[in-house]
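Here are some questions and answers on one predicted model. Look at the fold, then read on.

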Amino acid sequence: MNDDARTNIGTPAPTPASPGSAELRDQVERTRDELGQTVEALAAKADIKAQAKEKTAAVKDQAAEKAALVSDQIREKAGEAARLLKDKTPDPLLEKTAQAAAQVRESAAKAGQYAADRTPDPLLEKAGQAATAARANRTPLLVVGAAVVVLLLVRRSRGRRR
């Protein structure tokens with residue numbers, strides 16, 4: 001036996017490139033790619049933390065969309081109710097309501113001035129913040145106030161009829 005034969009014991013002898021070997025290499029390469037993709041997919045399924053984050057983000061987005069939709073519907077219904085109330089209310093009653101509202105504003109202004117003169121500064125600051133919030137929501141507050149005045153006037157007129 002020569003030295004070359006001793007060193008190559010157990011290794012297959014090189015074969016000349018056969019026509020099927022290139023095809024076999026391509027098949028092995030495709031199998032490796034598929035195996036890599038399968039491993040990546042399994043790793044993604046095993047990542048519970050990432051899945052929880054994705055689910056949380058999706059639920060949060062759905063909740064925000066639903067809240068916006070409901071908010072729009074409430075605004076629309078409130079506007080319809082205000083228009084319906086105004087349309088159904090007789091003009092003399094609307095005038096009396098406007099007069100009553102003016103009297104209430106005047107009385108409130110007087111009471112506010114009296115309270116402001118006698119109130120400590122920290123309390124005045126908190127009241128200012130509340131007034132700012134009320135001004136920001138003026139329309140709903142006026143609608144509710146007008147509805148209350150209308151109800152009181154209707155109740156009062158029914159009491160006189162008896």
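Q: What pattern does the protein chain follow along the sequence?
A: Helices (H or I, at least four residues) and strands (E, at least two) are DSSP runs, numbered from the N terminus. The protein chain has 6 helices and 0 strands. Read in sequence order, the pattern is α-α-α-α-α-α.

Q: Which conventions apply here?
A: This is a predicted model, where local features need pLDDT of at least 70, side-chain atom pairs count only at pLDDT 80 or more, and totals for chains, interfaces and linings use all residues. Side-chain values use heavy atoms, with hydrogens and water left out, and residues are numbered from 1 along each chain as its sequence is written.

Q: What percentage of the residues in the protein chain is buried?
A: Buried means under 20% relative accessible area, exposed over 50%, and partly exposed in between (1.4 Å probe, protein chains only). The protein chain has 162 residues. Its buried share is 4%.

Q: What part of the accessible surface belongs to carbon and sulfur atoms?
A: Accessible areas come from the Shrake-Rupley method with a 1.4 Å probe; for residues, only the protein chains shown count as cover. The total for the protein chain is about 14600 Å². Carbon and sulfur atoms hold 59%.

Q: How many salt bridges does a search of the whole structure find?
A: A salt bridge puts a side-chain nitrogen of Lys or Arg within 4 Å of a carboxyl oxygen of Asp or Glu. The search of the whole structure gives 3.

Q: Why are Glu 29 and Arg 32 separated by about one helical turn?
A: Glu 29 is partly exposed at 41% relative accessibility, and Arg 32 is exposed at 55%. They are about one helical turn apart because they sit 3 residues apart in helix 2 (residues 19–46).

Q: Which residue meets Arg 75 in a salt bridge?
A: Arg 75 is exposed, at 56% relative accessibility. The N to O distance is 3.4 Å, and the partner is Asp 72.

Q: How far apart are the closest N and O atoms of Glu 106 and Lys 110?
A: Both residues lie in helix 4, 4 residues apart, about one turn of the helix. Glu 106 is partly exposed at 48%, while Lys 110 is exposed at 56%. Their salt bridge spans 3.5 Å.

Q: Which helix gives the most to the lining of the largest pocket?
A: A pocket is found on a 1 Å grid over the protein atoms alone, as an open set of points where a 1.4 Å probe fits, with protein on both sides within 12 Å along at least five of seven lines; lining residues have an atom within 4 Å of a point. The largest pocket holds about 690 Å³ of space. Of its 20 lining residues, the closest to the centre are Ala 101, Arg 105, Leu 142, Gly 145 and Ala 146. With 8 residues, the top contributor is helix 6.

Q: Which residues make the nonpolar surface patch of about 270 Å²?
A: Patch residues have over 30% relative accessible area and no salt bridge; like charges are joined within 9 Å, nonpolar side chains (Val, Leu, Ile, Met, Phe, Trp, Tyr) within 5 Å. One member, in helix 6 (residues 138–161), is partly exposed at 43%. The patch is made by Val 144, Val 148 and Leu 152.

Methods
Points joined across faces, edges and corners; volume = space filled by probe spheres on them.
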